[in-house]
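Reader: I have just opened this model and would like a guided look at it. Could you take me through how it is put together?

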Amino acid sequence: MSSDYDLSTPIDPAATGLRQKLPGYGDAHFSLFMRKLFIKALGYSEDALSRPIVGVVNTYSAFNPCHANIPQLLDAVKRGVQLAGGLAIDFPTISLHESFASPTSMYLRNLMSMDTEEMIQAQPVDAVVLIGGCDKTTPAQLMGGISANKPIIHLVTGPMMPGSYQGVRIGACTDCRNNWAKFRAGTIDIEDISALNEELAPTGGTCGVMGTASTMACLLVALGVMPITGATAPAVSSARLRIAELTGTHAVQLAQTQLRPQTLLTRESFLNAITVLQAIGGSTNAIVHLLAIANRHPAIAGSITLATVDEVGRRTPLLVDLKPSGDNYMTDFHNAGGMPALLHELKPLLHLSAMTVTGRTLGDELNHTPFRPLPLHSPANCIRPFASPLYPASSLIVFTSGNLAPGGAVMKASASKDRALLTHRGRAVVFTSPADLAARIDDASLEVDASSVLILQNIGPVGNPGMPEAGLIPIPRKLAAQGVVDMLRISDGRMSGTAGGTIVLHVSPEAADPDSVLGIVRDGDVVVCDVEARHLAVELGDDEIAARKRDRADDQLRSEQNGSRWHARRTARGYRGLYMREVNQAQHGADFDFLTAAGPSHPPPVSD
Ligand code: FES
Ligand code: MG
């Protein structure tokens, strides 16, 4: 006989387990009675239902090869939960893969964060394991997890193995781009590119270089929301399954301690994450994600900015020799000791008192994690010693002066292929949209040379909803054929974390904004880029800029009925309309304003 139906004993509104978050039938005992009879339809006993409940977010999708191993991971997480005396119940949220999320996965990141937040809030879970991996999934899950503020722990699917072609190791997706560029330049043929297509992603798992997925995995460790060994084990390894089991056991502990993300995460956690981002030469996309994540946290929102990323960068050397900044793959990083080894090297720069999901500080975790570093000069060691880095500092830089990006812009300086371009002055060749770019970039009559500055407008958050990864503007074919491998390129969009080149991204405010200077740059204008001085400018006087803005506003007004993107925000329907009206600029994380901690406040759910 269950005491849950004793009408004389009120149900505690702060209850955990199955008694929390009861639906509003107006009679709490009846609501619990209904909930239990339905969950018993799944075969659960009263004993099972009396345990701490660990929700496990299942983002498996047959359209998502980066998440191909989730069924095995789920089994291992559930085993870990059971071993620690809890009950694991998995539930789905949407799943995003880079190539199967049109128009972009970034467009859907905020939707996934809302799905994750609301399902964590809605269901009677005491703690949650967030299984993600592909680029936008982990930031979406952490954004949602912080907002929901129930105890969370991350598990990533892990990187894929590298492949091989004609004796050369290859991997998604730096080598996808390098080889495609060679194919465009005519240095490899259609048979090579077809064969490469079979080998570039030889197993399930996330892209095997320091792209966004790998970067975010390392940042989750640095933030303290994933076990310290959780970032690098390959998707297909038994180590990955043991990490999943361990994650399950930690989740039960979290269910008991109720250590919530808004308590666990502090400003120091984010400074640690930025230090790691710089030391791994991480993806530029991770900057947007970190800003969005920080801005979900009521005590941190607004205090972690683009300037913080630059400041931390100035004292942080690039230590990890992985593509696209270096030469190796995630499996090499794992074999060299992975995140524990890197964090040991970075100790002088880290806030070791920052808390982690295990309930121990980062410093304690490092002291408790046995690892045997490779000899520093072993050829297999892709982690450089602090004293002899791959790049001295500022792998990722932020432009903070000049008239072209008053809200900021970023560049992965360490991935530049022609360092001379880091200080450059050249004439603009302007493309007004990706369609314009596609139509003209390979036109033999395009007036462009190696010193030109290629500018792509209107691929920002509102101008091209989802802010596509079109910032890697291709080298015009006629120049590529002459051996030009890099040019200064500038846009308000993003670039894949697996790509390289001298590329300015996330220009804010974006070109579609009536106030943007990027939006009024024309062919032939002189653009100046000085990475050392963090300066990005177009040589135009203030009067000329003001006049061009006025002309452009008139043009936009005239084209309002013809679908100007900026004006279309007001009337677009559905999720697209919500996105266009609510998305903020890259400098704030491209989140929806109403989801940020500083956004409109809404009353907490009644049972909180
Ligand atoms: Fe999923 Fe690269 S496509 S991590
Ligand atoms: Mg990517």
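Reader: Which domains does the domain assignment give for the protein chain?

Author: Happy to start there, bearing in mind that this is a predicted model. The assignment lists domain 1 as 1-11 + 23-46, and domain 2 is written in two segments, 51-161 + 203-362.

Reader: Which element gives the most to the side of domain 2 that touches domain 4?

Author: Good one to look at in the viewer: the C-alpha centres of domain 2 and domain 4 are 30 Å apart, and 29 residues of domain 2 are in contact with 29 residues of domain 4. On the domain 2 side, two or more residues each come from α4 (105-122), α8, α11, α12 (285-294) and α13 (306-314). With five residues, the element that gives the most is α13.

Reader: How many nonpolar, polar and charged residues are on the side of domain 2 that touches domain 4?

Author: Let's sort that side by class. Its charged count is one, next to twelve polar residues. The nonpolar residues there number 16.

Reader: At roughly what angle do the axes of helix α8 and helix α11 cross, and is the crossing left-handed or right-handed?

Author: Helix α8 covers residues 212-223 and helix α11 residues 267-279, and their axes come within 8 Å. Those axes cross at roughly 145°, and the crossing of α8 past α11 is right-handed.

Reader: Which residues make that contact, and how many of them are nonpolar?

Author: From α8 come Thr215, Cys218, Leu219, Ala222 and Leu223, while α11 brings Ser269, Asn272, Ala273, Val276 and Leu277. Sorted by class, the contact of α8 with α11 has no charged residues and three polar ones. The nonpolar count is seven.

Reader: Which element of the protein chain has the lowest mean pLDDT?

Author: The chain averages a pLDDT of 93, and 97% of the residues score at least 70. Strand β4 (residues 152-156) has the highest mean among the elements, 99. A stretch to treat with care is residues 602-608, where the pLDDT is below 50. Among the elements, the lowest mean, 65, belongs to helix α20 (residues 565-568).

Notes: Residues numbered from 1 in each chain as written. Chains lettered and ligands numbered in written order. Predicted model: local features only at pLDDT ≥ 70, side-chain atom pairs only at ≥ 80, totals over all residues. Axes fitted to C-alpha atoms, helices over the stretch in contact; angles between N-to-C directions. Helix = DSSP H or I, 4+ residues; strand = E, 2+ residues; numbered from the N terminus. Left-handed = near helix turned anticlockwise from the far one by under 90°. Contact = placed C-beta atoms within 7 Å. Nonpolar A, V, L, I, M, F, W, Y, C, P; charged D, E, K, R; others polar. Domains from an automatic or database assignment. pLDDT = per-residue confidence, 0-100.
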